[in-house]
Amino acid sequence: MYERQLCPPPKKIVQNGKINFGSFFGVPETVDIRGVKAPFAGVPTSPFFSNFRIKSRVAFAFSVKNYIGLAEFFDDKAFGLAEVIFWDKESGQKFAYHTLMGPRRRFVPIDTQEAACTSYAPRYIKISWSRRRHKVSLSFTVRGNKFRPAAKAKYLARFAYNAESEMLSVTPSPTTQRCSATWILPLNLEGGLALGKHRHYIKEIPQSKGIGLMLLNRTYLKPRSSSEVLFGIAPLDGKNISFTFANTTQDSLDGDTYNDNMLSVDGAITAMPPIIITHPFGLSGKWIAQDTEGMVDLSFTPISLNTRTLNIVLMRNAYTTIYGTFDGVLVSKDGEKLTLKNFPGIVKKSHIRL
């Protein structure tokens, strides 16, 4: 069976111009990949140019009671994009809100100890974490219009006392001259979401327990890149299960050694093998995700799609976010076989041109 060991994290991801590649439990104080020597074809470049090629995002997937959704920030240096999208699990009804943010020094922070990503107006969206206060949170207040209601949400989780409940993956992107670093944090959530005609009419937010998964990524992004990312978050047989798998054009050439794929069972993390994601019947048809090690054999059935294309200055971002259900089998590092049936999840497919 496939096995990829998680090691103690380095003090810094980049030290003296060299990258500390690997998969780690816990994270250093910062997710900072600046300072790589000659990251582009071995040709020395100014730090300003090489740092500008570093793009960042933080994603917070949540599944609490009736709703499942994804809040995300994308940092393009010149501007930021914040979005929250969620679905009613029973009806499949979609609610999507996004906003652009003007120039700022940094939209997505690098600090893993205490930081926040915030969009203020016209839509308030905030993802924050503080080890000092021992909490991770997502909150948003978004206006409604004639096509969709206003919404308020607040979700709170606690950092696990065990550092092995967090994972850091530092992978070549796709060669060892550059890197991609991803901090992955499974979460047990408490909170809720409420809808109304106007945000001021929403006075109370229901409280329930649920599951979340936060990812923070920084990478030297190619001028043209694409990705397909799967999120699964739900209870199963009394255990909190979350997983994420991805295929991207930034993936390492040595996928067996370096990848971001992860399965969490009640906070116990398994570093998963590389997989192949296919959708032979189109985006709205059945998706297939499989590996060659017998640990991942999943199908994904879409229920509701949200497609958006943004053309901003010199960047084009076209992406589709899909709510649906997973069926199939996952195997943890302990050999535990998890059989998924109508397991809720989200898929995001994107194409970025810089």
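Before I look at any strands, my pairing rule: two strands pair if DSSP finds at least two bridges between them. Strands (E, at least two residues) and helices (H or I, at least four) are DSSP runs, numbered from the N terminus.

**Ground rules.** I am working on a predicted model, where local features need pLDDT of at least 70, side-chain atom pairs count only at pLDDT 80 or more, and totals for chains, interfaces and linings use all residues. Residues are numbered from 1 along each chain as its sequence is written, and side-chain values use heavy atoms, with hydrogens and water left out.

**Entry 1, overall.** I looked up the element count and got 1 helix and 23 strands. The radius of gyration (taken over C-alpha atoms) is set against the globule rule, 2.2 Å times the number of residues to the power 0.38. It comes to 19 Å, close to the 20 Å that the rule gives for 354 residues, so the protein is as compact as a globular protein of that length. I also noted the span of the C-alpha trace along its principal axes, about 55 × 50 × 45 Å. For burial I use under 20% relative accessible area as buried, over 50% as exposed and partly exposed in between, with a 1.4 Å probe and protein chains only. On that scale 56% of the 354 residues are buried.

**Entry 2, the open sheet.** Next I traced a sheet of 9 strands. It is open and antiparallel, and I read its order as E18-E17-E16-E15-E23-E22-E21-E20-E19. Strand E18 (268-271) and strand E19 (276-278) are at the edges with a single partner strand each, so one side of each has no neighbour in the sheet. From one strand to the next the twist averages 20°; angles run from 0 to 180 degrees between N-to-C directions, with axes as lines fitted to C-alpha atoms. A reminder to myself: strands of a sheet pair through backbone hydrogen bonds, either parallel or antiparallel.

I started with E17 (residues 262-265), which pairs with E18 in the antiparallel sense over 4 bridges. Met262 sits opposite Ala271 in E18. The two strands make a hairpin with 2 residues between them, and Asp266 in the turn has a positive phi of about 55°. Moving along, E15 (residues 224-236) and E16 (residues 239-248) are antiparallel too, over 10 bridges. There Ala234 has Ile241 in E16 as its bridge partner.

E20 (residues 287-290) and E21 (residues 296-312) pair antiparallel over 4 bridges. Which residue in E21 is the bridge partner of Ile288? I found Ser299. Their hairpin has 5 residues between the strands, and Gly294 in it takes a positive phi near 80°. E21 is also joined to E22 (residues 315-331), antiparallel, by 16 bridges. I picked Thr301 there and found Thr325 in E22 as its bridge partner.

My rule is a side-chain nitrogen of Lys or Arg within 4 Å of a carboxyl oxygen of Asp or Glu, and by it I count 10 salt bridges. One of them joins Lys348 and Glu72 at 2.5 Å, N to O. Lys348 is in strand E23 (residues 337-353) and Glu72 in strand E5, so the pair ties together parts 276 residues apart in sequence. Both residues are buried. I then saw Arg57 linked with Glu72 and Lys348 in a network of salt bridges.

Lys55 and Asp76 meet at 3.3 Å, N to O. This pair links distant parts of the chain, with Lys55 in strand E4 (residues 54-64) and Asp76, 21 residues away, in the loop between E5 (67-75) and E6 (80-88). Lys55 and Asp76 are buried.

Arg34 and Asp32 form a salt bridge at 2.9 Å, N to O. Buried or partly exposed, I asked of Arg34? Arg34 counts as partly exposed at 36% relative accessibility, whereas Asp32 is buried at 18%.

I checked Ala151 in strand E11 (residues 150-157) and found it buried, with a relative accessible area of 0%. Its C-alpha is 9.8 Å from that of Tyr97, 54 residues apart in sequence. Last, I noted Phe52 in helix H1 (residues 47-52), partly exposed at 38% relative accessibility.
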